[in-house]
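Here are my notes on the model.

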Amino acid sequence: MTGVEEQMEIFKLVGGLLRKKTECYVIGGSAMLFYGFKTATKDVDLVFTNEVERKHFIETLKETGFARKSHKTLKHNADEGCILMERKNDRFDLFLTNIITTKFSHGMVARIREKHEFSNLIVNVVSPEDIIALKCATDRAGDRKDAVDIINSRKINWDVILEEAKWQAANGKKAFVVLLFDFVDDLKDNYKVDIPQDFIKELRKEYKNQLIKILGQEKYDELAETERKKKS
Amino acid sequence: MNYDKMAKNLEGLQTVSSAAKTLGVGRRTAVNYISKLKKYGYVRTSRGKGKIRLYEISGVKFVKKSGTELYDFINKHSPIKVREPYRYVIHDKITAEDAIPRAIETKDFRIILAAMHLFRLVEDWPELNRHANARGVQKAVGALYELARKYMRVRRIDKRTANAFMNAKTMEKFIVPNMRSRDFLDIEKKWEIHIPFNKSDMERY
């Protein structure tokens, strides 16, 4: 587990050792540390938009005692495009543009809320809305709990999440809206989170459109019919 | 009283009046609530136009961070205040020599105007040149220095640095995209870069 202070210390250390300016985006639990939503995270998730900078960062991490780990050492299924670096209790997940199946969008870049400069390392913190959007692509209970914490302590701009979902559906993962719908549904039912009705209505509309696109009208009608029967 | 809920309800930038309106209470009560929220770490205070108090209220307690914020540094030293578009924390020592090129890099009219005052604090001109060179804004720094000299007491630049600024190669023709000056054409011509300010902008200095 990495705490706020440890995370800052590692960034300072790496920033001081980097020979060239390197920019990255912090997402997930480590972004939550910057906002104060959490006090510790299992891994520090960083997204790079450029392979050269990622390589540069990895080389510098190695100088500080981190070693590359294979995905087989992990219990959950990690993304092959992600590079894992580990040192005792600290772990870095280094992504390049794609985060598992989600694309790191221009909208996420434009919405950054904090920028931290540690000598040659520039760390941009994605917005709370984007943290939630990125968490919906996974199936872990911990991620749902994190999303609940964010929603309960911040005013969330749900339109931003909806727009991001539409962008992802068009440019990245086709089923993103479907995943988001299931995620929101789960938060509403199991965690009793207060989510605006307008957003759910819009999302349901998008969800239906996406399902038709993915399955085709006939299969969608069949699926809707079985759902209706189950409910009745 | 549930202050967590209240903080979330008031999240954003508030004045006493707007907070009172949101909470549906009188001004005096709103002041008391804001004071309590401040005590619990949900509020940061700044001043707006006409010295009115502005309260930045967050749903989660503000995390005390190491490092200095660029916009705090500008606000501390300049009579023109800026509102941060996002938090920009620098975890090294920040100086005027470092802050001027950073402000120019933002390409934001008001931030650059506010940062003009920092020329008064510059002591190490080669250091300013080093930072400006790293960010590719030497010509802009040279032009703004000359403009600053017209309106405020600024130390004289050494000739070596002035020459370095003058001879710098840059493709940038504008400091702020598509903004040019009506009043400082002589400086623009000399430095071959468009200054975004007019005399009326500089009157505040």
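1. Domain bounds here come from an automatic or database domain assignment. On that basis, chain B splits into domain 1 (3-57) and domain 2 (68-202). The C-alpha centres of domain 1 of chain B and domain 2 of chain B lie 35 Å apart. Keep in mind that this is a predicted model.

2. Overall build of chain B. The chain holds eleven helices and five strands. Along the principal axes, its C-alpha atoms fill a box of roughly 65 × 35 × 30 Å. Of the 205 residues in chain B, 38% are buried. Take the contacts in chain B with a separation of 6 or more: 58% of them link residues 24 or more positions apart.

3. Strand S3 of chain B (residues 53-57) has two partners to check. Strand S1 (residues 12-14) of chain B runs antiparallel to S3(B), with three bridges between them. In this pairing, B:Leu13 stands opposite B:Glu56. Strand S2 (residues 43-47) of chain B is also antiparallel to S3(B), joined by five bridges. There, B:Thr45 faces B:Tyr55 across the pair.

4. The hairpin. S2(B) and S3(B) form it, with five residues between them. Which residue in the turn has a positive phi? It is B:Gly50, at about 70°.

5. The contact between chains. Chain A supplies 16 residues and chain B supplies 14 residues. On the side of chain B that touches chain A, strand S5 (residues 87-90) gives the most, with four residues. By class, that side of chain B has six nonpolar, five charged and three polar residues.

6. Which strand of chain A pairs with S5(B)? It is strand S10 (residues 114-118) of chain A, in the parallel sense and over four bridges. A:Glu117 stands opposite B:Ile90 in this pairing. So S5(B) has two entries in these notes, because a strand pair is counted here when DSSP finds at least two bridges.

7. One helix of chain A. Helix H5 (residues 128-135) of chain A is mostly covered, and eight of its eight residues are buried. The cut-off is 20 or more other C-beta atoms within 10 Å of a residue's own. Charged side chains are on the list: A:Glu129, A:Asp130 and A:Lys135 are among the buried residues of H5(A). Others include A:Pro128, A:Ile131, A:Ile132, A:Ala133 and A:Leu134.

Technical notes:
Residues are numbered from 1 along each chain as its sequence is written. Chains are lettered from A and ligands numbered from 1 in the order in which they are written. This is a predicted model: local features need pLDDT of at least 70, side-chain atom pairs count only at pLDDT 80 or more; totals for chains, interfaces and linings use all residues. Two residues are in contact if their C-beta atoms, placed from the backbone, lie within 7 Å. A residue is buried if 20 or more other C-beta atoms lie within 10 Å of its own, exposed if 12 or fewer, and partly exposed in between; C-beta atoms are placed from the backbone.
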